[in-house]
Amino acid sequence: MKFSTIAVFATAAFASVYAAPNAIRRRDVNPALVPDFGVARGANPNGTGSCTGLNGILIPCSCPPDRDSFIGSLNANVNAGHMINNPGIGAPFPTGNSKGEQQARISTLLSTLQNLHGPGVGCPAVATVYGVLQQQINALP
Ligand SMILES: *[C@@H]1O[C@H](CO)[C@@H](O)[C@H](O)[C@H]1NC(C)=O
């Protein structure tokens with residue numbers, strides 16, 4: 001009786017020790033910092049898998065991805081500190097409004113998009129307005 005009580009406490013203590021660092025380390029991004037793609041998926045399918053992206057440029061009809069699954073991939077990359085599917089590319093996602101912080105975020109958004117399914121395998125920038133946003137951010141004073 002006494003032994004099993006101790007065992008229960010010990011188990012609970014270990015569980016909290018192992019849960020705590022994870023809870024601290026894992027930081028999901030604020031979805032408000034993830035701009036809308038600005039492009040509709042599946043527009044004007046040409047019959048062989050290509051659809052219309054930004055400015056009529058052809059993109060895969062599977063692009064842009066579902067927003068929730070994209071944010072899931074983004075969180076995985078940000079929490080890992082790099083692109084899961086392309087570890088040489090970092091995944092900073094600062095939350096501030098400085099030019100540098102905005103540049104870091106848009107870069108991580110584009111890298112996540114372009115490495116969604118493998119190294120260099122994902123959706124092109126023109127499946128979203130992110131490339132345009134990046135140019136606007138780079139042009140900030
Ligand atoms: C659809 O677009 C793709 C990519 O540009 C092209 O390879 C393919 O020939 C196009 N199909 C048709 C039927 O126009």
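Trainee: Which conventions should I keep in mind?

Mentor: This is a predicted model, in which local features need pLDDT of at least 70 and side-chain atom pairs count only at pLDDT 80 or more, while totals for chains, interfaces and linings use all residues. Residues are numbered from 1 along each chain as its sequence is written, and side-chain values use heavy atoms, with hydrogens and water left out.

Trainee: Which residues surround the ligand?

Mentor: A residue is near a molecule if one of its heavy atoms lies within 4 Å of it. Here N46, T48, S50 and L58 surround the ligand, and by class this shell has one nonpolar, three polar and no charged residues (Ala, Val, Leu, Ile, Met, Phe, Trp, Tyr, Cys and Pro count as nonpolar, Asp, Glu, Lys and Arg as charged, and the others, Gly among them, as polar).

Trainee: What polar side-chain atoms lie by the ligand, and at what distances?

Mentor: A polar contact is a pair of N or O atoms within 3.5 Å. An N or O atom in the side chain of N46 is 2.3 Å from an oxygen atom of the ligand, a polar side-chain atom of T48 lies 2.8 Å from a ligand nitrogen atom, and one of S50 lies 3.2 Å from an oxygen atom of the ligand. The ligand taken alone exposes 360 Å², of which the protein buries 37% (Shrake-Rupley method, 1.4 Å probe).

Trainee: How is the packing of two helices read?

Mentor: Two packed helices are described by the angle between their axes and the distance between those axes. Axes are lines fitted to C-alpha atoms over the stretch in contact, with angles from 0 to 180 degrees between N-to-C directions, and helices are DSSP runs (H or I, at least four residues), as are strands (E, at least two), numbered from the N terminus. The axes of α2 (residues 67-80) and α3 (residues 99-114) come within 10 Å and cross at roughly 115°. That makes α2 roughly perpendicular to α3 (65 to 115 degrees).

Trainee: What is the arrangement of α3 and α4?

Mentor: Helix α3 and helix α4 (residues 130-138) pack at an angle of about 160°, their axes 10 Å apart, and are therefore roughly antiparallel to each other (over 145 degrees).

Trainee: Where is the cis peptide bond?

Mentor: It joins C63 and P64, with omega about -10°, and P64 is found in the loop between β2 (58-60) and α2. Separately, N44, a residue other than glycine, has a positive phi near 50° and lies in the loop between α1 (2-25) and β1 (50-52).

Methods
A polar contact is a pair of N or O atoms within 3.5 Å; within protein, one must be able to donate a hydrogen and the other to accept it, and residues adjacent in sequence count only if both atoms are side-chain atoms. Angles under 35 degrees count as roughly parallel, over 145 as roughly antiparallel, 65 to 115 as roughly perpendicular and the rest as oblique.
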